[in-house]
Amino acid sequence: MCGICFSLCSTDADHAAGRETLDELFPRLQAATALRGPDAQETVHLDVQQMRLTFYASELRLRGDAFIKQPHTSAEGNLLCWNGEVFEGLEVQADENDGAKLFSALRCAETSQDIAQVFGRIEGPYAFLYYQRTSNMLYFARDPLGRRSLLIHHPDATRPYFLLSSVSDGAHPEYSLDEISTEFLHCLDLNRLSASGDILELLSCLSHIPRVSEGVDVLFGQPKCVNRILPDDPPKVKSLDCIPPHLTLPVDDLITELDRSVMLQVQNIPRRKNAVGEARVAVFFSGGIDSTMLAYLADRHVAPEEPIDLLNVAFENPRKIAVKVEGNIGGLPKREKKQKLREPLDYSTVKVSYDVPDRLTGLQELEELRRLRPNRRWNFVEVDVPFEESRSARATVEALMFPSRTVMDLSLAIALYFAARGIGQTRSHPGAEPETYTSPARVLLNGLGSDELMGGYGRHRTAFKAAGWQAVIDELQLEIVRIPTRNLGRDDRVISSWGKETRHPFLSLSVVNFLAQLPVHVKMDPRLESGLGEKLLLRLAARKLGLVEASARKKRAMQFGSHSARMAPGDGDRKGDLLIES
């Protein structure tokens with residue numbers, strides 16, 4: 001993984017003021033980008049036809065044995081900034097770097113369609129920037145699901161420069177950043193831009209290259225559409241203990257597909273010097289079915305002598321404490337309620353506890369994992385976040401997650417920020433005294449994606465009640481379409497600020513495509529009660545593996561399970577889609 005930061009500006013005297021602004025802005029973006037790649041950083045400057053191009057990349061070495069410094073460059077003048085992982089489609093040996101192998105493949109590609117085919121044949125999270133010297137073209141894109149961040153600023157009259165960056169420096173008047181679309185590969189024709197003589201014409205010099213061309217077979221160009229066959233009163237599952245015949249093969253296939261995805265994402269992670277016996281893999285762990293499945297499957301592929309860290313975050317939430325101390329004031333008259341909210345909270349009568357819902361289910365599930373996989377050292381990392389610490393970190397988190405800036409964005413981002421930091425405590429057994437611990441793992445597994453793919457949200461049950469199976473199918477297709485525009489870029493920016501990388505086994509395009517082609521009633525059954533019907537296929541798979549407790553747990557959103565949402569007294573009525581206050 002790496003961080004990417006790129007700027008393009010005119011060397012024309014008319015834009016001298018813009019260059020001065022850029023010269024002040026770019027080092028701040030470089031500093032933020034360097035956090036993502038602490039192992040190496042490099043800057044390359046190119047002067048191309050009255051334009052100055054600056055490429056900066058930082059490197060987090062998670063593939064291969066050799067020291068790699070980005071940007072990748074060639075004698076022909078080509079250049080690649082690569083922020084990603086190739087898990088399928090390109091043969092990469094354990095001692096090889098995937099970015100270097102990808103650069104070799106790109107150097108053999110001549111046309112825009114050739115370049116699109118290179119990326120259409122690889123699976124993994126990525127964002128990239130590729131300069132092809134012979135054509136004087138600049139290509140950039142994110143993977144089809146948007147698992148890596150790449151932000152864009154288009155030049156305007158007051159800010160006449162072009163920016164691409166993995167991260168932002170928070171809200172600033174010097175740029176207007178947006179996530180780039182994942183629908184296409186993007187191409188900037190530098191010859192055409194130069195001929196126009198005006199950097200403000202840049203938008204007209206950008207073109208979109210389809211990921212999939214007619215008659216060209218690319219397995220990973222885009223996610224497949226969901227199976228639209230309507231079920232005809234399929235038999236109901238009566239118990240997770242008994243897999244009906246029509247689900248036997250899909251359950252086995254799901255275990256196989258997900259196991260392979262986990263294997264590809266945890267194998268061959270370079271061991272840092274003098275780090276024998278340290279964890280290289282961690283899981284964002286709530287004790288829910290998604291994170292527990294990933295932890296269980298990771299145990300199959302992580303070296304047996306290494307621990308696996310289970311990162312479980314809990315927040316001190318004054319609003320929750322206030323309810324304990326004073327009772328629920330929601331029913332009080334408005335004036336009395338305002339007076340109560342203004343009064344400082346008296347902590348003297350209450351002991352601050354971090355026994356939030358995710359902590360309790362996490363500890364329960366830890367014992368199930370220890371029973372099933374007793375030879376593994378499971379480090380359950382209790383990441384406890386005092387309110388003052390979370391409040392102090394708020395400005396940092398807001399800057400990292402920008403341009404995402406809703407109340408819900410903040411409550412999720414701050415939970416991931418502290419969980420990814422990995423500073424907490426562990427216990428050797430229940431009841432043991434805690435020992436301080438900082439997780440050294442640089443690969444963090446995330447269970448995001450299963451709800452979207454297998455009907456895990458309440459809206460899927462609501463759709464069924466409103467309009468039957470057809471509405472559920474339509475909603476599941478919308479889920480796949482919406483994945484690139486939701487939270488993945490934000491999460492990448494926040495987690496990577498610690499020099500760590502999040503990976504999503506459920507969002508491997510191989511897993512996504514496998515689940516998309518299954519009939520809807522195989523994946524879920526909204527006719528069944530809560531805790532059984534949603535993500536039915538995954539529940540049956542977990543039960544088959546022996547994860548009895550995890551298989552029956554109901555979904556709980558991270559911000560509520562960790563108590564990272566609505567922390568201040570008076571926040572209870574704030575809606576998640578409200579913009580945060582500047």
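Predicted model: local features only at pLDDT ≥ 70, side-chain atom pairs only at ≥ 80, totals over all residues.
Phe55 is buried, with a relative accessibility of 0%.

The whole structure holds 15 aromatic pairs. One of them joins Phe55 and Tyr131. Phe55 belongs to strand β3 (residues 51-59), while Tyr131 belongs to strand β6 (residues 126-132). The pair therefore ties together parts that are 76 residues apart in sequence. Tyr131 is buried too, at a relative accessible area of 1%. Both residues belong to a cluster linked by ring pairs, along with Phe6, Phe140 and Phe162.

**Charges over rings**

Two arginines lie over the faces of aromatic rings, as tabulated here.

| Arginine | Ring | Distance from ring centre |
|---|---|---|
| Arg107 | Phe103 | 5.6 Å |
| Arg459 | Tyr457 | 4.1 Å |

**The largest pocket**

What volume does the largest pocket have? The space amounts to about 910 Å³. The lining comprises 39 residues. Closest to the pocket centre are Asp451, Lys555, Arg556, Ala557 and Met558. Several elements give two or more residues to the lining, including α6 (289-301), β14 (308-315), α9 (357-372) and α19 (558-561). Helix α11 (407-421) is also among these elements. The largest share of the lining, four residues, comes from α11. By class, the lining has 14 nonpolar, 14 charged and 11 polar residues.

Notes: Residues numbered from 1 in each chain as written. Heavy atoms only, no water. Phe/Tyr/Trp six-rings, centres within 6.5 Å; stacked < 30°, edge-to-face > 60°. Buried < 20%, exposed > 50% of the residue type's maximum accessible area, 1.4 Å probe, protein only. Lys NZ or Arg CZ within 6 Å of the ring centre and 35° of its normal. 1 Å grid on protein atoms, 1.4 Å probe; cavity = no way out; pocket = protein on both sides within 12 Å on 5 of 7 lines; lining within 4 Å. Points joined across faces, edges and corners; volume = space filled by probe spheres on them. Nonpolar A, V, L, I, M, F, W, Y, C, P; charged D, E, K, R; others polar.
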